[in-house]
Every structure is written in C-alpha cells, then in structure tokens.
Amino acid sequence: MAQTAVADIDVIIVGSGAGGAMSAYVLTRAGIRCLMLEAGRDYDPGQEVNMFGTDQDAPLRGVGTPDKPFGYYDATIDGGWEVPGEPYTQATGQDFKWWRSRMLGGRTNHWARHVPRFGPYDFKGFSRDGQGVDWPIDYDTVAPFYDRVEQLIGVCGGPLGLENHPDSPPEILHQPPKPRVPELLIAAAAKSLGIPCVGTHTAVLTRDMPDDAAPRSACYNATDCGRGCNIGAAFQTTTSLLPMAKATGRLKVVTDAMVSRVVLSNERKADGVEYVDRKTGQRHIVRARAVILAASACETARLLLNSKTAAQPNGLANGSGQVGRNLTDTTGAHIEAVIPGLAGRPYYNEFGINFAHMYIPWWLYKAQQAGQLDFPRGYHFEIGGRFGAPGMGQEIWSLPRLYGSDLKRAVRNVKGTTLHLSLRGEMVRNDGCYAEIDPAVTDRFGIPVLKFHWQWTQAEYNQIAHGQRTARAIFSRLGGIVTQPDESPEAAIKAGGEIIHEAGVARMGADPRTSVTDQWHRTWEVPNLRLHDGSVFASNPHKNLTLTIMALAMRSSEHLAAELKTGGLA
Amino acid sequence: MISRRDSLRWMMAASASGLLADAAFAQVPANLEPSGASLAQVSPWPVVTLAPITGPGYGTDPDTMNPTAPWPLTLAPAHRRLINTLGDWLLPADDVSRGAGECDIAAFFDEWISAPYPDQQKDRPQLLSLMLWLDAQSRLSGATDFVSSSRIDQQHLIEAVLAYGNVPKAAGDAFGWFRVMTIFGYYSMPDNLAAAGMAPENPIIGDYPGPSDEAMAHLNALLTSLQLEPYA
C-alpha cells in the first residue's frame, strides 16, 4: 500500500460542499493548514457553465435523461440518482433515492438556494411536542453564525415577522427581488384564506460582492441557476468559499480522491484517512491532527461504519449505535393547476432570480400545539410557474383539438397559465428509516456500500393530505383547475431522499449514549474527528438545511481552530 | 420537480377529460369545428417490433459548452418528409412565424427517437407506427402514401385523427403525442419563441423591475374579477 506524505497539514477535510468548504474557509483564515479531499473531479464554473446555451442546442432539447436526470445543462457531474460503479441497495420493497454528485463543490453547484433559518422551536421539537429529540444547542447559540454566514455567502430577502421564522438583523440581507404575477396572485388567494405569503430568503446576490479572490456579481435575471453561475451570483462553493480559502495559501485540494475509511492512531484519536485515487485505483493514506467529515450525511455515516476496528466493531464512534440511524428527508408533494384567468396575459421578463421570489411558510403552530392537527410538524409551499417556452406541460396537452394558425394562437394564449405549489415538510425520525452497510455489495473501489431502509408514518401522510387540501383551496380561490388526479397522500408523497435533504444519521446530542457527537460536532469516542454536514442534525425541519449546515460548520471550525492553537489536540 | 412519467400520466388524463379544452380556454377560437370528422374505411393500427438502440448516450460528464448528441440518426428520408409535412399542418407558416416543417422539425424527432435512453426508446415505436398507419390509411384513398395524397385528403385524415373519429384509439393517442412534441420542438427554437411574444430574457443589470404596468393592470383586473384584495 502506497502512502502519500502530505507535509504540514493540520486538518483533513473530506468533501468540498457546504460543510467542507465553510470549514476550509474558516480554518485557513485562522492560520490552519488544510487538505481537502473531494471524491469528484475538479470543476470551474467560470469555464464550464454554459449560461446562455439554448435548449435547441442541447441534445433532446435539454430534457433529463439517466445520464443527466435534471437536464443536459444541469450542474451535476458524474452524479444523479445513480453513480456508475457506486451502487447502493435498499430493503426489499422500500424506496429511498440518494442523489450524489462527483465534482468539486459537491451539491452546492445545483441546489434550490432557499435559505431559511431554523427557528427556536426547530431546535427544541421534543420539548414542544414530545417527538424526536432536542438539539443540544438552541437558536440563540446559532443566530450569530446565521448572521455571519448570510453576509458571507450573500442572501437576498426581506423581513418576515413570523412566528418561528427569525428575521435577520438590518443590513445583512440583499434587496429582495420584486414579486412576479404568479406569486402576487397566489399571495392574494392565500391572504383571503388567512395564509401568509412572504419573500423568500435566497442565496442569490442582488448586489455585487467584490473580493480579490472570488469577485461575485449581482444576478442579471436571465438564466437558469441550476446550470451553475459563472458570475458567482448564485452561491456555490466553487465561486466563493473555495477560492477564498485557496487564496490564503493554506488549502490544498485533491480531487478524484474517494475516501474509504478513517485511520486511527489509537482508539480515541484519528490519525488521518485512507482514500482511493478514482483514476488509478491507488490507495493512499494521509495524516493530520484532526479530521473533518463533510462528505454529505449518508456518505459520512458510511465512512464511520466502514471504519470499524476491533475495539469499535459496530463502526467508528458508534458506541451509541446511532450511526446510520435517524435518517430523515424532507417530505415532498406537487400540486399543479391551470389558471384560466391568466390566459393571454401580457409578457414581461418573468425570470427574475430564477427561484421563487415568494413562498408560503408554515403558519399553524398554534393549532398544532393545541392538538388540532393530526401531524406534529409543519411544511411550506414553494411557488412555481412563470413564462417559459411551451414544453410538454399541462397546458399544452390540454389544448383544444386545433391545428394550423389557430393552434399557434392557442399556444400563445396559454403561455404562463400553469402554476404549482411544491410542498416541503418536516418528518420526525422513526425506527424504520436508517442506513447500514450492505455486507454483500461493494463499489468499484471495493468499499462496502450503504443499504437503505425507509418507511413513512401516518404523520407524514396526514401532513401531505393537509397540504393537498390547502393547495386545492388556494387554486380553487383563483378559479384554477387542478389537472392532476386527486391522489391519495400515499401516492402523492415523494420517495424518501427525493427532496435531497437527507440528514440525522450521526446526530449530535448531550448524551453519548444516544448521540454520535457533542454540540461541537466532535464524535464522543474520537474527539479530533468532527462531522460537518447534515449527518449531525438532531431534527430535520421543513426549512431547507444548507444554511444551517454552513452556520454550524463555521461554529465548529472556529472551535476547532481554537483547540488546535491552544494545543488541545496534542 | 415532477417526473416525466407522472407528468404524462396527468396530462393524458386531463387531455382525455376535455376539461381544460371546454372550460379553461374556451375563448380560443377554433377553426376546426369539432368536426366529427370521421373515416369511412380504417386501416388497422400497425404494431412494430424494433431492435433496441444500444449505443452510448452523451454520458454523465458531457461538454456542455459544446453540446452534441453522439448517437446516429435512424429515420429514413421518407420518414422525415412525412414528419415535416405533418409539422406544417400543425404549425404552418403564417404572418407570425415559420412553419414547423420549414424549421425541419423532423430533425428534432429524429434525434429524439434515435436516442438510446428509455423514455425516447418508448416513444420510437409510437412514432413509427403512426407514420405507417398514416401511409396505410392514405393508400385506402388511392394515394401511395400520406405525403403524396391530396391536400384535401391530408386535412380530412388529420381532422379525423385529432377528433378520434373512427380511428384506432392508438392512432389518436399517438397523434396527440406527436402534436405536443411538435409544439415542444418548435418553440424550443429561440426565433419561434420570440415570434410568439416570448423573447428569451435579456439580462437586466440592476434591480429586477418586476411586472410591467401592463402586466400589473391585467393582474389587478383578474383579482377584481375574483373578488380578491391585492397582496400588500
């Protein structure tokens, strides 16, 4: 076995996405020398993002295929629901989807960039309703890091003024984009039903952010953020945190490095990691004073489970038995309608910053606490629908049986008439959702793979049913026609993992008997091994989790820097 | 994001229901009186058996700066002539924009059904069967194929298949699919989209201005008609 000597490294960071890149940014600025290992290839949005490529230019007009599930131009490389040579398995009859990418910047190159803060209730769910567990930290602990992360990555949005949806201090957020016609229409209907609709907080710049290493420009309201952003307006680590960390001269990045296990010097101390060069198959071991796993929640759990030793036979740092357990994702459902009153409406640039300028946040906390609902946690709706090229959508399939110039006129008339509401909700952890090592299957590097188990509970189905009723009420108020079948919640709910918000598989806590890390993300058994991704989430609120991953990674990294400087890990 | 499978399922249901056609867009003028166009003689729907296309796709890391479809095309010239002829019936040249045949919509169909991906492979027999059926049906009227049949016969056949008038259900379904795909392929050409009043967005430097005055006036009128208060 070859060993690579990487001199003068203090911290190894596994993964270059939200948690890994934030760790590198904080640590290198604190004078710490870091080695980052990324399983995918190098990636430079400045050179590789075809911002203005047309659908006509793309194969199959850019629609998704098994090679590129989210479309030809999508900023996902060598990834998707399946990664060639890197399988995962599932329990018989169960359905969990695992989205991965193999590229520098990981999944921050393509994401919704919706960045709500968790609120006070979200950190103390068990105390409120007796379900799940509390986090060992509270909102006030994390709030200063939210402030700093929002400033650092650039977030646009306005004040919220809502229960359990904390506002940002003045001067932090960029100016929100003005709402568009579909959002104003939904907001008016929602208001008439007593449902709030507010401006979305989105990690897209609406003012320039000069920086010597990573200058970023304000959004120009014209192209799809899912392709990546070569002007840096839409946040991804490859145009921001990573070049900023590299500019310190203290970050070395090795790509195509598939980490296979954590290496120990003794049972309570990580010595480094072993990785496989994806191009050559050669195995290397690199060593450092501390190791951060930020490989994405399930990859991090897989690494811990594959790093078992004689003394830790159930997996590294798994004395609690909680590694791989408590797997959660966001619930999802999609309700779509055609609004006849929008037919023939005047055209204008409705692209905006691409993502929803407004959304419907959860609003029934009091009813929930009073026991009036049959599900414990909330959801939000993301609003969709705007002008765009006629595709294979509802309004086109449903056109009258015309041909000729009348058909062309009909197509022009129905443009921009289809709206949709995407439900995103919180599930509470349950014993039926977990990941373990499949003893019978390895990937092309010989690394054992994960086997997923997934079971929704009645609570999630009840939540989806509530959302379906609410969405239909909103569309009905608009004279809309919901054209999809009246599906049962069991049929309407997306598969586990499909919303790509998996979390919880190495949760933090106050008790080493029931958690994997302490509040500083240090694994209880191996204190110089930290977890900086969604794996540590003690709960998974319906609020998208990337902002919180970054805020917590910043907090833990500063703690680690102090520890290293004071010799705490000697 | 909804899956293509779900999308197609919903849309077939909506389309078959006629709900939207009757209720949502009744203001769209129709040159085709639901004609009850019907065929006197009907050719059976041909079921084709095709060897699967097994070549490579564009892979998981294509050069998106220089997009190319690497798979070979499979349609014969006669197929493409037929598709372009149908394209010009569905979306003809007029004072607004070019015809679909003139835009060589057949090239889009050829790339689509020649692709080695499951969704496209599923569409391939449907298209080939539709073309075989149209030609066979045209021969019942004395023509050698659809393209060489008279304009009157072509129009009658299109109206009948659109109206499911005494045609195999599979033919009506396939033609409905063909019409949607023609619209999709045609309006994904930027010139055609611009001619339809939806020019690709030009960058806006500075604050996003929101809806135009005209767009807001339309919205406010709609809200009034729905007895809704504007969102403050």
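1. On conventions, residues are numbered from 1 along each chain as its sequence is written, while chains are lettered from A and ligands numbered from 1 in the order in which they are written. Because the model is predicted, local features need pLDDT of at least 70 and side-chain atom pairs count only at pLDDT 80 or more, whereas totals for chains, interfaces and linings use all residues.

2. His114(A) sits in the loop between β3 (89–90) and α3 (120–123) of chain A, where helices (H or I, at least four residues) and strands (E, at least two) are DSSP runs numbered from the N terminus. His114(A) counts as buried because it has 20 C-beta neighbours inside 10 Å; the cut-offs are 20 or more other C-beta atoms within 10 Å for buried, 12 or fewer for exposed, and partly exposed in between, with C-beta atoms placed from the backbone. Apart from neighbours within four places in sequence, His114(A) is in contact with Thr200(A), Thr202(A), Phe355(A) and Asn544(A), contact meaning that the C-beta atoms, placed from the backbone, lie within 7 Å.

3. Helix α5 (residues 139–153) of chain A has 15 residues and, at 1.5 Å a residue, should span 21 Å, which agrees with the 20 Å between its end C-alpha atoms; the expected span is 1.5 Å times one less than the number of residues. Its buried residues are Val142(A), Phe145(A), Tyr146(A), Val149(A), Glu150(A) and Ile153(A), and what covers them includes α14 (546–565) of chain A. After α5(A) comes Gly154(A), which has a positive phi near 85 degrees.

4. One open sheet of chain A has three strands in the order β3-β15-β14, with mixed pairing, and its edge strands, β3 and β14 (434–442), each pair on one side only. Pairing requires that DSSP finds at least two bridges between two strands. β14(A) and β15 (residues 448–453) of chain A run antiparallel and are joined by five bridges, with Ile437(A) standing opposite Leu450(A) in β15(A). Helix α8 (residues 297–306) of chain A lies across β14 and β15, at about 60 degrees to β14(A); axes are lines fitted to C-alpha atoms, for helices over the stretch in contact, and angles run from 0 to 180 degrees between N-to-C directions.

5. Another open sheet of three strands in chain A has the order β6-β7-β8 and antiparallel pairing. Its edge strands are β6 (257–266) and β8 (283–287), and neighbouring strands are turned by 25 degrees against each other on average, direction ignored. Five bridges link β7 (residues 269–277) of chain A to β8(A), and Glu274(A) stands opposite Ile285(A) in β8(A).

6. Strand β12 (residues 379–384) of chain A is largely enclosed by the rest of the structure, because five of its six residues are buried. It pairs in the antiparallel sense with β11 (residues 358–360) of chain A over two bridges and with β13 (residues 418–425) of chain A over six bridges. Glu382(A) in β12(A) is the bridge partner of Tyr359(A), and the bridge partner of Glu382(A) in β13(A) is Ser422(A).

7. The contact between the chains takes 82 residues from chain A and 79 residues from chain B. On the side of chain A that touches chain B, α11(A) gives the most, with 10 residues. The residues of that side divide into 44 nonpolar, 22 polar and 16 charged, where Ala, Val, Leu, Ile, Met, Phe, Trp, Tyr, Cys and Pro count as nonpolar, Asp, Glu, Lys and Arg as charged, and the others, Gly among them, as polar.

Methods: Contact = placed C-beta atoms within 7 Å.
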